[in-house]
Amino acid sequence: MQTISPAPNSAPKHVNAVIESRPASTAAPHSSVVSVNGVAVSYPSAHGIFQALSNVSLDVARGEFISLIGPSGCGKTTLLRLIADLAQPTSGELRVNGGTPNQARTDRSYGYVFQSPALYPWRTAISNVMLPLEIIGLSPTERQQRAAGALAAVGLTEAAGRYPWQLSGGMQQRVSIARALSLQPDLLLMDEPFGALDEITRDKLNLHLTDLWRERNLTVIFVTHSIPEAVFLSTRVVAMSANPGRISRVIECPFPQRRTLDLRNTKQFLDVSQEVRDALSDAYADE
């Protein structure tokens, strides 16, 4: 993902898109945190109308961890952006916390973690985390308290005063997660946040994310290309196919919420991974 460095006092466009300074409204309680019903996305291309998504339906219950996995171009990120109100469907309906995606964005009821950490190099870790809190107009004291708590949640209290160039790639991504958590969301949308990291760092962040999910009772929708990562993290894995983008199979991951890396050596984990692999083999055969 390319980013363009803005002026020092402005926020990245994609950060502004998901964090707006508007009065929060209240959506009615709803059993499904996210409901996608018959959604399609199409747009003109050089070869005619391109169907990015076709007839996609998915319900995500409160407290679930859903991973979207599939070949490039199958619409994983497009679906995530629709839920976040960063893109609009051609047809179909989406509901987030019982309201529209736009209402969820206005209410700041979700946090979004991008593929790239997108941290300002001239701001310290804690100052980067405080950025969305500045945008929504919180007091300096509350900004400091929330940012410090979010950094503590991702294990970076001692790195609060460091600049991005003083942090490893994994630490930078944890700052990005802390920035999303600073809004105190119930829903976390994550677009392949660990894809560029080495395997050992990725494993550590997978463990940390499962702890955050369990301790904060989060609902998470997570995009990945990694089968072991998807199976390890998730309550369900949604396998997608391309041309057009659609859901081909949904696989249950019947593991306890408290997980360790030893889970990956169990027969049950290997069986579920094989089921996901079979679903993806079918998806690639459809390309």
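Leaving aside neighbours within four places in sequence, V276 is in contact (heavy atoms within 4.5 Å) with I69, I227, V231, V237 and I251. The model described here is predicted, so local features need pLDDT of at least 70 and side-chain atom pairs count only at pLDDT 80 or more, while totals for chains, interfaces and linings use all residues. Residues are numbered from 1 along each chain as its sequence is written, and side-chain values use heavy atoms, with hydrogens and water left out.

V276 is found in helix α9, residues 267-285; helices (H or I, at least four residues) and strands (E, at least two) are DSSP runs, numbered from the N terminus. With 0% relative accessibility, V276 counts as buried. Buried stands for under 20% relative accessible area, exposed for over 50%, and partly exposed for values in between (1.4 Å probe, protein chains only). The C-alpha atoms of V276 and V238 are separated by 8.7 Å, and these residues are 38 apart along the chain.

Turning to the strands, an open sheet of three has the order β2-β1-β4, with antiparallel pairing; two strands pair if DSSP finds at least two bridges between them. Strands β2 (48-61) and β4 (91-96) stand at the edges with a single partner strand each, so one side of each is left without a neighbour in the sheet. From one strand to the next, the twist averages 20 degrees. Five bridges join β4 to strand β1 (residues 32-45) in the antiparallel sense, and V34 has V96 as its bridge partner in β4. Helix α2 (residues 76-83) packs on this sheet, touching β1, β2 and β4, and its direction makes about 120 degrees with that of β1. Axes are lines fitted to C-alpha atoms, for helices over the stretch in contact, and angles run from 0 to 180 degrees between N-to-C directions.

The structure also holds seven aromatic pairs. Rings of Phe, Tyr and Trp (its six-membered ring) pair if their centres lie within 6.5 Å; planes under 30 degrees apart count as stacked, over 60 as edge-to-face and the rest as tilted. The pair of Y43 and F50 is tilted, because the ring centres are 5.4 Å apart and the planes lie at 50 degrees. Y43 is partly exposed at 42% relative accessibility, and F50 is partly exposed at 29%. The rings of F65 and W213 form an edge-to-face pair, because their planes stand at 85 degrees, with centres 5.7 Å apart. Both F65 and W213 are buried, and together with F194 and F222 they form one aromatic cluster.
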